[in-house]
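Keep the structure open as you read.

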Amino acid sequence: MQQTFLDFNKVITPSNEEMQKMKTSREALEKKITAKLREKLNMTPTYYTQGSGAKDMKTIIIKEDGTYDADRGVFLPQKPEVSADTVQKYIYDAVKDHTADGAEHRKKCIRVLFKSAYNIDFPSYYEVKDEDYAYMAVKGNGWIKDDPWHMVNWLAKHKDSNGQLVRIIKYLKVWSSKCNFKMPSGIAFAVWVCNNFSEKLDRDDESLYETLKSIKAELYWSVTCISPVEPFDDLTSKLSQDQKEKFKKELDKFVDDAKDALDEKIN
């Protein structure tokens, strides 16, 4: 049974070749972004891989539609004189024609689309000398104190030596991608798993069930996921009440299915 889970983990994880292809695309985009920001702001940005692709997490998955995503933070060395929206627009202008599928100016990032392959998100930030936090550009809301490094660091501290926690996060993210309605974000699932993880050596099936059961109990009264780092926002705030109720019902089914699978193995 454990080998089945390990094999599944390989299936849902982009191969080294796929990751290298995405890296090549990302580096080409970064050259364009750097050139544009030097032209417009006279600043040279640095870049940081965050979220599921961060080296201390590696929870990136191939979703149900066959695509996968990466987040690459664009960091300016100081606060620019232009608005947060303008910085995002500069990045959008730099990358919008890079692929046939174009790009999207989303609330917290510029997303570059590679059809039937992957999406690369470029959130933008500025750093403050001697401060431990960066400030994120949020369309319509200016600059918000929000540094992805702190989340990655928090998540990494919860990892076990056998990689089970990371696999459990990935199993939940793949399950979520199979649902045909809006589900919580991958980072919300990661936080829930970290807060409720039950390590079971060489038994991903038991760990998955016990962790799911604890998450279900945590969300019994309401579906919320408060970020453990600044800005301490609710990571489920984009979901409507109806979407939250649908998610809870699907979670209940997942818990029941995990329990049935364990019982079947025992019998």
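Which side chain does lysine 89 meet in a salt bridge? Its partner is aspartate 93, at 2.9 Å from N to O. A salt bridge here is a side-chain nitrogen of Lys or Arg within 4 Å of a carboxyl oxygen of Asp or Glu. A quick word on the ground rules: this is a predicted model, where local features need pLDDT of at least 70 and side-chain atom pairs count only at pLDDT 80 or more, while totals for chains, interfaces and linings use all residues. Residues are numbered from 1 along each chain as its sequence is written, and side-chain values use heavy atoms, with hydrogens and water left out.

Back to our pair. Lysine 89 and aspartate 93 both sit in helix 3 (residues 84-95), four residues apart, or about one turn of the helix. Helices (H or I, at least four residues) and strands (E, at least two) are DSSP runs, numbered from the N terminus. Lysine 89 is partly exposed at 45% relative accessible area, and aspartate 93 is partly exposed at 23%. For reference, buried means under 20%, exposed over 50%, and partly exposed in between (1.4 Å probe, protein chains only).

Now for another pair: lysine 145 and glutamate 230 form a salt bridge, with their closest N and O atoms 3.5 Å apart. Lysine 145 lies in strand 8 (residues 142-145) and glutamate 230 in the loop between helix 7 (204-218) and helix 8 (241-266), so this pair ties together parts that are 85 residues apart in sequence.

Elsewhere, Arg26, Glu30 and Arg72 are linked in a salt-bridge network. Search the whole structure and you get 17 salt bridges.
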